[in-house]
Amino acid sequence: MPYPRQLPATGTCRCGRVRLRVTKPAMLTMACHCHGCQKMTGSAFSLSLAMPADGVEVIEGELVRGGLQGEHTHLYCAFCKSWVMTRPAGIDWLVNLRASVLDPHADFVPFIETCTEARLPWASTPAKHSYAGFPAMEEYQPLVEAFAAEA
């Protein structure tokens, strides 16, 4: 069964002013251990759902750019500043949605983990695939297919 389990799914930022509707299943679930994700989440890693951009709709509230003002666009609630999603540079058809904005979100298990070279020594995930950095671009399609087969 795909993530999210039921579509359409809904989600909110922490304060609830940003409301989302998800109409397509995730292509991949990921835990990123990079230092940026650690700092932006205040935790050991960020947990994201790689989603088709046309399957995620902001139905209420305003997202603003925040985080590191680099090549990727990190989007936050304009009011509570919760990190909602990231639009990776050069991949307009994809968004990385923070799993915690969806309700419920406890069953989102990372299929891959990235940037394990920066992983905190005590942090572990049940991810089936681990990468010191990021997978090579040609590795993503087989990962998406394997995730779909298991979801």
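These legends describe close-up views of a predicted model. Residues are numbered from 1 along each chain as its sequence is written, and side-chain values use heavy atoms, without hydrogens or water. Local features need pLDDT of at least 70 and side-chain atom pairs count only at pLDDT 80 or more, while totals for chains, interfaces and linings use all residues.

**View 1. An open sheet of eight strands.** The order is E6-E7-E8-E9-E4-E3-E10-E11, with mixed pairing. Strands are DSSP runs (E, at least two residues; helices are H or I, at least four), numbered from the N terminus. Two strands pair if DSSP finds at least two bridges between them. E6 (63-66) and E11 (129-130) each have a single partner strand, so one side of each lacks a neighbour in the sheet.

View 2. E6 and E7 (residues 73-77) run antiparallel, joined by four bridges. Leu63 has Cys77 of E7 as its bridge partner.

**View 3. Contacts of Leu28.** Leu28 touches Tyr140, Leu143, Val144 and Phe147, among others, not counting residues up to four places away in sequence. Contact means heavy atoms within 4.5 Å. Ser48, Leu49, Ala50, Phe111 and Ile112 are also among the residues that Leu28 touches.

**View 4. The largest pocket.** Its space is about 810 Å³, the volume filled by probe spheres set on grid points joined across faces, edges and corners. A pocket is an open set of points on a 1 Å grid over the protein atoms alone, where a 1.4 Å probe fits, with protein on both sides within 12 Å along at least five of seven lines; lining residues have an atom within 4 Å of a point. Of the 31 lining residues, Met30, Pro88, Asn96, Phe134 and Tyr140 lie nearest the centre.
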